[in-house]
Amino acid sequence: MPVVYLSHGAPPLADDPIWPGQLAAWSAELPKPEAVLMISAHWEDAPLAIGATTTIPLVYDFWGFPQHYYGVTYPAPGAPELADDVRGLLRGPGMSVHDVPDRGLDHGAYVPLVEMYPNADVPVLQISMPTLDPAGLFEVGRKLAPLRDQGVLIVGSGFFTHNLRALNSDGSVHPVMTEFDEWGRHALDAGDIDALLDFEHKAPAAQLAHPRTEHFAPLFVSLGAAEADLAMQRSVIDGFWLGLAKRSIQFG
């Protein structure tokens, strides 16, 4: 299976005239996965945690939105066998894994999946980010890479730029968001993993594009899982949404 990093937007993504169709077209081009393993910007937990392996209610981890966004459901099947495989791949010296069986999918997981697999017929498992350290997340991805041969779609779900102070609805984009997005595109095209892992020092205005790095961090899990296919990466979705870069990438 390929590996992806996608920008997931917020609950109102469902009302955007373009983006849902882009996600749907992308999933239609991908092989149908046996399961999805989701790493979202919205779940940090150490040691690394495995979420629900049964279908339980979603986590509406947002505030101040119209009520109908809190009525969205996504009853995807659980993936207990995948959870067993994840435990086997990740547990070892220096890394432990624990289970949080009452932790449902958060909006970083279900918002894009509603558009990509609207029938909720693909089993989904979400795991936490145990750290925001790029090298540590890259290593997590490396360990998860064998799942690709089992038909698992590994998804890092974040946002290519994420500074809520740069949000706007007038169509304009702050130059910092454009500059960071261009830097990231060039680094990916060049396969410059060292620069990406050190983006806080190498990227222009990194602290303004990502005042906190949790939305860029899932990219490193994807990069680690796709290490053998980094030369085959391509941006499937680009452009901006409310002033933030929605660049989304496929590896392999």
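Start by selecting Tyr5, Phe160, Phe180, Trp183, Phe199, Phe216 and Phe220: ring pairs link them into a cluster. Here, rings of Phe, Tyr and Trp (its six-membered ring) pair if their centres lie within 6.5 Å. Keep in mind that this is a predicted model, where local features need pLDDT of at least 70, side-chain atom pairs count only at pLDDT 80 or more, and totals for chains, interfaces and linings use all residues. Residues are numbered from 1 along each chain as its sequence is written, and side-chain values use heavy atoms, with hydrogens and water left out.

**Inside the cluster**

The structure holds 18 aromatic pairs. Zoom in on phenylalanine 180 and phenylalanine 199. With ring centres 6.3 Å apart and planes at 80°, this pair is edge-to-face (planes over 60 degrees apart; under 30 is stacked, the rest tilted). It links distant parts of the chain, 19 residues apart: phenylalanine 180 sits in helix H5 (residues 175-190) and phenylalanine 199 in helix H7 (residues 199-202). Helices are DSSP runs of H or I with at least four residues, strands are E runs of at least two, and both are numbered from the N terminus.

Buried or exposed, what is phenylalanine 180? Buried, at a relative accessible area of 0%; phenylalanine 199 is buried too, at 2%. The cut-offs are under 20% for buried, over 50% for exposed and partly exposed in between (1.4 Å probe, protein chains only).

**A tyrosine pair**

Next, pick tyrosine 60 and tyrosine 110, also edge-to-face, with 6.2 Å centre to centre and 75° between the planes. Tyrosine 60 is in the loop between strand E3 (48-50) and helix H2 (80-90), tyrosine 110 in helix H3 (residues 107-116), so the pair ties together parts 50 residues apart in sequence. Tyrosine 60 is partly exposed at 28% relative accessibility, while tyrosine 110 is buried at 3%.

**Around H4**

Now show H4 (residues 134-144) and H9 (residues 218-225), which pack at about 40° with axes 6 Å apart. Axes are lines fitted to C-alpha atoms, for helices over the stretch in contact, and angles run from 0 to 180 degrees between N-to-C directions. Pro134, Leu137, Phe138, Gly141, Arg142 and Leu144 in H4 meet Phe220, Val221, Leu223, Gly224 and Ala225 in H9, where contact means heavy atoms within 4.5 Å.

Val86, Leu89 and Leu90 of H2 touch Val140, Lys143 and Leu144 of H4.
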